[in-house]
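Please open the model in your viewer and keep the selection panel at hand.

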Amino acid sequence: MKRTHLSIALLLILGLLLTGCTRPINRTAESRIREVLPDIVGQAKSYEVRIDNAWERTLQGKLTRVDIEGTEVHFRNGLILDNLSLVLQGVVIDVGSRKLRKIRETDFSITIGEKNLNEYLVDEVIDGETLRKIRVLLQDNRVTVKGERVVLGVGVPFEISGNLLIKSATILELETSRLRVVGIPFSGKILQFLKRRIENAVDLSQISFPMVLNEVKVTPGKLTLSGKANPMPLIEQSRPNTLW
């Protein structure tokens with residue numbers, strides 16, 4: 001009986017010790033992944049990486065799930081994303097060569113707030129036309145652009161609004177058929193320019209690895225994009241000794 005109790009006690013202690021090993025090992029892996037994110041994804045104010053995995057699988061380079069959260073991530077076009085979330089599942093790393101072998105699936109979510117969107121859409125001059133005080137309002141299922149068109153030295157207020165739709169795997173479109181213009185009628189070039197500026201701001205081809213849009217949501221003060229991603233092509237070009 002005493003031997004049985006002793007065996008149980010030893011098993012419990014061993015279990016606690018093994019559980020205690022999990023976070024230090026995973027933290028080391030998290031740190032190494034975090035180090036390469038600026039090169040793979042882009043510069044950011046900060047990145048957080050979380051691996052929830054059995055320690056022995058982490059040592060084998062087999063990660064069930066990796067959660068990455070980037071804050072103020074820089075797009076190539078100058079737009080700053082409020083938040084970029086990546087969920088990697090089924091990650092396999094060759095611990096011998098320290099090279100990534102597989103990611104079964106990657107989901108992404110991008111959040112862009114009005115403040116960062118407005119900082120991107122600065123005043124512009126196009127073909128002799130001056131637009132100033134441009135700002136974007138994000139409302140329920142609708143994007144509104146307000147500003148002034150300078151006519152004979154005087155700023156004349158204007159406002160256009162419409163819905164954002166998914167045009168292709170990486171591109172959104174401000175729906176032309178539902179665009180509403182308030183103020184002095186525009187020439188086509190101004191309307192098309194503003195439309196393109198909004199669309200180019202959130203063109204996901206600016207991300208350095210393939211992404212496929214599945215959903216776009218416009219809520220008060222916030223634009224959220226989500227879908228699937230494939231970071232493998234870019235990661236395969238990375239230096240092998242930086243991945244593990």
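Two residues are in contact, or touch, when heavy atoms of each lie within 4.5 Å. This is a predicted model, in which local features need pLDDT of at least 70 and side-chain atom pairs count only at pLDDT 80 or more, while totals for chains, interfaces and linings use all residues. Residues are numbered from 1 along each chain as its sequence is written, and side-chain values use heavy atoms, with hydrogens and water left out.

**The whole chain**

Begin with the entire protein chain, coloured by secondary structure. Five helices and 13 strands are present; helices (H or I, at least four residues) and strands (E, at least two) are DSSP runs, numbered from the N terminus. The chain has 244 residues, of which 43% are buried. Buried means under 20% relative accessible area, exposed means over 50%, and partly exposed lies in between (1.4 Å probe, protein chains only).

Now display the surface. Among contacts with a separation of 6 or more, 52% join residues 24 or more positions apart.

**The nonpolar core**

Next, hide the surface and select Val41, Val66, Ile68, Leu79, Ile110, Leu223 and Leu225. In the largest nonpolar core, which has 59 residues, these touch the most other members. A nonpolar core is a set of buried Ala, Val, Leu, Ile, Met, Phe, Trp, Tyr and Cys residues joined through side-chain atoms within 4.5 Å. In soluble globular proteins, nonpolar side chains tend to be buried together.

Centre the view on Val41. Residues up to four places away in sequence aside, Val41 touches Tyr47, Val73, Leu84, Leu86, Ser208 and Phe209. Then move to Pro38, in helix α1 (residues 2-40). At 27% relative accessibility, Pro38 is partly exposed. Beyond its neighbours within four places in sequence, Pro38 is in contact with Gln43 and Tyr47.

**Helix α4**

Select residues 188-201, which form helix α4. How far apart are the end C-alpha atoms of this helix? They are 20 Å apart, in agreement with the 20 Å that 14 residues should span at 1.5 Å a residue. The expected span is 1.5 Å times one less than the number of residues.

Colour the buried residues of α4: Ile190, Leu191, Phe193, Leu194, Lys195, Arg197, Ile198, Glu199 and Ala201. Arg197 lies over the face of Tyr120, at 4.7 Å from the ring centre. A charge sits over a ring if NZ of Lys or CZ of Arg is within 6 Å of the ring centre and within 35 degrees of the ring normal.

**Strands β6 and β7**

Select residues 129-139 for strand β6 and residues 142-151 for strand β7.

Thr130, in β6, is partly exposed at 30% relative accessible area. The C-alpha atoms of Thr130 and Val150 are 5.5 Å apart, although the two residues are 20 apart in sequence.

Also in β6 is Lys133, which is exposed at 54%. Phi of Lys133 is near 55 degrees, a positive value in a residue other than glycine. Asn141, in the loop between β6 and β7, has a phi near 60 degrees, also positive in a residue other than glycine. Asn141 is exposed, with 57% relative accessibility.

Finally, select residues 211-219, strand β12, which contains Glu215. Glu215 is partly exposed at 38%. Aside from residues up to four places away in sequence, Glu215 touches Ile166, Thr224, Leu225 and Ser226.

End at Pro220, in the loop between β12 and β13. Pro220 is exposed, with a relative accessible area of 59%. With residues up to four places away in sequence set aside, Pro220 touches Leu138, Gln139 and Asp140.
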